[in-house]
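The sequence and structure come first, followed by notes grouped by topic.

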Amino acid sequence: MISPSLLILYVGNPAASGRFYEQLFGRAPVAQSPGFVAFRFESGLGLGLWSTGSPEFVSSGTGHRSEIAIVVDDDAAIDALHETWKAAGVAIEQPPFTAVFGRTFVALDPDGHRIRVCPPDK
């Protein structure tokens, strides 16, 4: 059975994006090079930040739309995380509100990638 284990975001400056995510996740990257930064989580999932300026990066795709979802167990914790990130200067695209699936908000990384905080699926 195939099981995805790594998400890759294309970024303009991997070092700057790495510092952003290090602050957001409260953990250091597991690998760094001038063109790539990687994080690994307890779940086994990894996040890679790959430089669009790297000679190995080739993409003719356009219109990439996606989100990183961070699941948080309760509404108060979602609101508290929003306040923490906002105070740290993280750009908030969509402040907390209650959607059909529960309490949520959307932040942006330095390259404009969406980071949604939301409750677990029920």
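Buried means under 20% relative accessible area, exposed over 50%, and partly exposed in between, with a 1.4 Å probe and protein chains only. Helices (H or I, at least four residues) and strands (E, at least two) are DSSP runs numbered from the N terminus. This is a predicted model, in which local features need pLDDT of at least 70 and side-chain atom pairs count only at pLDDT 80 or more, while totals for chains, interfaces and linings use all residues. Residues are numbered from 1 along each chain as its sequence is written, and side-chain values use heavy atoms, with hydrogens and water left out.

**Strand E8 (114–118)**

- Arg114, Arg116 and Cys118 point one way from E8, Ile115 and Val117 point the other way, and all are buried.
- In a regular strand the side chains alternate between the two faces of the sheet.
- Because five of the five residues of E8 are buried, the strand is largely enclosed by the rest of the structure.

**Pairing of E8** (two strands pair if DSSP finds at least two bridges between them)

- Five bridges link E5 and E8 in the parallel sense, and Ile70 has Val117 as its bridge partner in E8.
- E7 and E8 run antiparallel and are joined by four bridges, with Leu108 opposite Arg114 in E8.
- E7 and E8 form a hairpin with five residues between them, and Gly112 in the turn has a positive phi of about 85°.

**Nonpolar core** (buried Ala, Val, Leu, Ile, Met, Phe, Trp, Tyr and Cys residues joined through side-chain atoms within 4.5 Å)

- The largest nonpolar core has 19 residues, and Tyr21, Leu49, Trp85 and Ile115 have the most contacts inside it.
- Elements giving two or more residues to this core include helix H1 (14–25), strand E5 (67–71), helix H2 (75–87) and strand E7 (102–108).
- H1 gives the most to this core, with three residues.
- Leaving aside neighbours within four places in sequence, Trp85 is in contact (heavy atoms within 4.5 Å) with Leu24, Ile70, Val90, Phe105, Ala107, Ile115 and Val117.

**Helix H2**

- The buried residues of H2 are Ile78, His82 and Trp85.
- Seen down the helix axis, these buried residues fall within an arc of 70° and so line one face of H2; the arc is that of the directions from the helix axis to the C-beta atoms.
- The exposed residues Ala76 and Ala87 are on the face of H2 turned away from its buried side.
- The buried residues of H2 pack against H1, E5, strand E6 (91–99), E7 and E8.
- Just after H2, Gly89 takes a positive phi of about 90°.
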